[in-house]
Structure formats: C-alpha cells, structure tokens
Amino acid sequence: MMRELTVDLGSRSYPIYIGEGILNDIAALFQKHGIGKGSPLLVVTDEHVAAHFLDRVTGLLSAAGYSVASHVVPAGEPSKSLAMLEQIVATALEAGLDRKSTIIALGGGVVGDLAGFAAASYMRGVRFVQIPTTILAHDSSVGGKVAVNHPLAKNIIGAFHQPEMVLYDTATLLTLPDREVRAGLSEMIKHGLIWDADFTAWCEENADRLVGLDPEALQYGLYKGCSVKAAVVSQDERENDLRAILNLGHTIGHALEAVGGYNELLHGEAIAIGMVGAAKLSVRMGNPEHIYTVTKRIFQKFGLPVSIPPHLDTDEIMRAMMHDKKFNEGQIVYIVPTEIGKVEINKNVSAQWVRDIVDQLKRED
Ligand SMILES: NC(=O)c1ccc[n+]([C@@H]2O[C@H](COP(=O)([O-])OP(=O)(O)OC[C@H]3O[C@@H](n4cnc5c(N)ncnc54)[C@H](O)[C@@H]3O)[C@@H](O)[C@H]2O)c1
Ligand SMILES: [Zn+2]
C-alpha cells in the first residue's frame, strides 16, 4: 500500500509518497512527474546508504532509460561542507548535468541537506528529489530547507529549495541502527506534541511497534509526522512565524549537541531532552503538571534520554544557547507547550529560568 500526501505550496506544491517497497516504482514516478530522459541525473548518497541501496536505484533508473551518475560522500555530519559541495559540482559537471537535470538525495538528513543545497545552487538551481532512508529524514526531507555547515556554525550556508517529490520507502529503514531509529522517532513525537494530542497518544501506545520497525506502524507514524510538517510549512514556508514551532526542544537541544562536540548526543536524543526541558518550563510558567509528566514518560518509553549528561557544563550550555539566533537581550524566543498537542511561541522567557531548567535536567532521573 502507498500513502500519498501533498505539501501545498502553490506552484511549488509536491507529493510525498510513503510505502513499503515503493523504491521499485522510482522510474514510473519520475516519469509521472515530468523528469525527462534527455538530461543526466545525479544520485548523491553516503557510504553506508550506498552499500545498501545505490546499485538498486541506479539500476532501476538506467533500466528505464535514464542516464545516471552517482556521488558517494563519507557518512556523517562533517560531509555537510562547502568542500563536499565543490566535489559534487565536479561530478555533476563531468557527468554533463544541465539545467534540466535532477539531483537525487538518497539518504538521511545529511545527504538530503547537502544534495538539496547542491541542487539549489548548481546552475542557479536544478530540480531535486528526496529519497529519505532514515526516520529522522521524515522531518528533514519535507519543507525545502537545505544547507551545509561552516566551521563556526551549523546550517549557516543554505537556501529554501523545495523538491519535486519525496519518495519514502519504509523498507529502507530496516537496516538502520537501533540508536538512529529511536533518535529519528524523537522528531515524530515532536510532530505530535506541537500539533496533535491524538497522534501523541498513538505514538505512546505504539512505542514498541515503532521501535521494532513494524511496517504498518511506521507507515502510519511517518505519514502523520510528514502531514504535520507539511501543514506547518504550507502555512509558513520561510519561517516568518508559525514554522518556528517545529523548533520545540531545539533551543536546549542544539546547545547540548554543540557542547557535546556533536558526537555525544544524536540530534534526536538532544531534542528529546530539550522537549522535556520545554515541558518543565511550561509547568513553571503555570501550565498543568501533566504536560511535563506525559512528555517525559513518552520519551522514556522510546528509550530516549530525558536528562542532561551531568559532565556537560551549564555555563557552556548557556553560552551555546546565546550564540543561537533565537536569543535576544537576555530573553529567548522559546517554544513552550501549553497542552499536549499545542505550543506557543513565547518571546519573554528569561535566561535565568532556562538556566534553572538546565540545572534541574542534570538531576533528572
Ligand atoms: N532540512 C531540515 O529541515 C532538517 C531538519 C532536521 C534535521 N536536519 C539535518 O539532518 C541531519 C541529520 O539527519 P539524520 O539523522 O538522518 O543523519 P544521517 O543522514 O547522518 O544518517 C544517520 C546515519 O545513518 C546512516 N544511514 C542512513 N540511512 C540508513 C539506512 N537505511 N540503513 C543504514 N544506515 C543508514 C547514515 O549513513 C548515517 O551514518 C542533520 O545534519 C540535521 O541538521 C535537517
Ligand atoms: Zn530537529
């Protein structure tokens, strides 16, 4: 079975296809979306994903008459760099990619952001297709934010560039390491917490099935998660206001990733702790206690961390947060839950309150 939903952005609208085994339909879907055979395609992927799926993707496309080149980058966040972009452009030029070519991102968020930025900038923009292969990428492959990192800041060189389509084959997720599975599910839970109390409850009830990669549960969860992301992005493509709610848990989360040197906590783990922090902040601001107890209980059910590793220094965490663009004159723009399934964008959160929460999160059990 294949589920389909649309990211509604006027002339830039595009479909998300979700289903088990739908990679086999890649050539037919490309044809359906007007991706012609006259210009070469470039598949960008990383070495882990290449080992599992690259030959299959290039094989299916060549068999259908496409001319396909590929570029494999090392796995991991350091590949989101200008140096790697330059290498991809070299491969694209050698393979003869022109303005009508399409770049295909086959992989997780790292490959999606990197290949997406290559597509946004090569010849001032060519088409691109997202083939996410991680659970986290249900978030990163939807919405058109593409970027590479600079040594001084993450995601700082980028663009908005929407894909032609997202082709999400849930069978590709079966080879994901367990820790990546749980970390990716953290963003799925986030989509419930910001938008949909029923979906949040469903995630909690189905924690074991999701962690165990049950196909039906995965398809439904990814469909719902993508739907929330698509709804938010449709209303605010360029993050003027509403789109900021997708940052629930990310203010503390990003700081924890940075202070941990980007190798201690995975993104999904860091934001799980951040979402527990946001729930604590909410209660401190006078909202009902259950917002915190429910939030924490859910992440524990998924085996995600809910406390800050005590050796991470509070001063450093606060400094990392102040470097974050959301911090302004001692106050942070903070996404705070007001109920399970609802959040507000609060512009008056004091840095001292956040500091107290960070300290409490180190003692959380
Ligand atoms: N653009 C956005 O809106 C957005 C949103 C959220 C996150 N992101 C970005 O996403 C990135 C993180 O994405 P990620 O968590 O997917 O990381 P990732 O792309 O590094 O993938 C995680 C690991 O899993 C491996 N892998 C991927 N698919 C696999 C598969 N099917 N089987 C086995 N191994 C597989 C990868 O090689 C890598 O080692 C970050 O750079 C973050 O900034 C972007
Ligand atoms: Zn995130």
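**Close-up views of a predicted model**

**View 1. Strand E3 beside strand E5.** Strands E3 (residues 41–46) and E5 run parallel and are joined by five bridges. This arrangement, like those in the views that follow, is taken from a predicted model. Within the pairing, Val43 has Ile104 of E5 as its bridge partner.

**View 2. The covering of strand E5.** Strand E5 comprises residues 102–107 and is mostly covered. Of its six residues, six are buried.

View 3. Six bridges link E5 to strand E6 (residues 127–132), and the two strands pair in the parallel sense. One of the bridges can be located by its residues: Thr102 is partnered by Arg127 in E6.

**View 4. The zinc ion (ligand 2) and its protein donors.** Three residues supply the protein donors of the zinc ion (ligand 2): Glu187 through OE, His250 through NE2 and His267 through NE2. These donors lie 1.9 to 2.1 Å from the ion. Along the sequence, the donor residues follow the spacing E-x62-H-x16-H. His250 belongs to helix H10 (residues 250–259) and His267 to helix H11 (residues 267–284), so this pair ties together parts of the chain that are 17 residues apart in sequence.

**View 5. The setting of His250.** The relative accessible area of His250 is 5%. Because this value falls under the 20% limit, His250 is classed as buried.

Technical notes
Residues numbered from 1 in each chain as written. Chains lettered and ligands numbered in written order. Predicted model: local features only at pLDDT ≥ 70, side-chain atom pairs only at ≥ 80, totals over all residues. Heavy atoms only, no water. Buried < 20%, exposed > 50% of the residue type's maximum accessible area, 1.4 Å probe, protein only. Helix = DSSP H or I, 4+ residues; strand = E, 2+ residues; numbered from the N terminus. Pairing = 2+ DSSP bridges. Donors = N, O, S within 2.8 Å, 3.2 Å for Na, K, Ca; no water.
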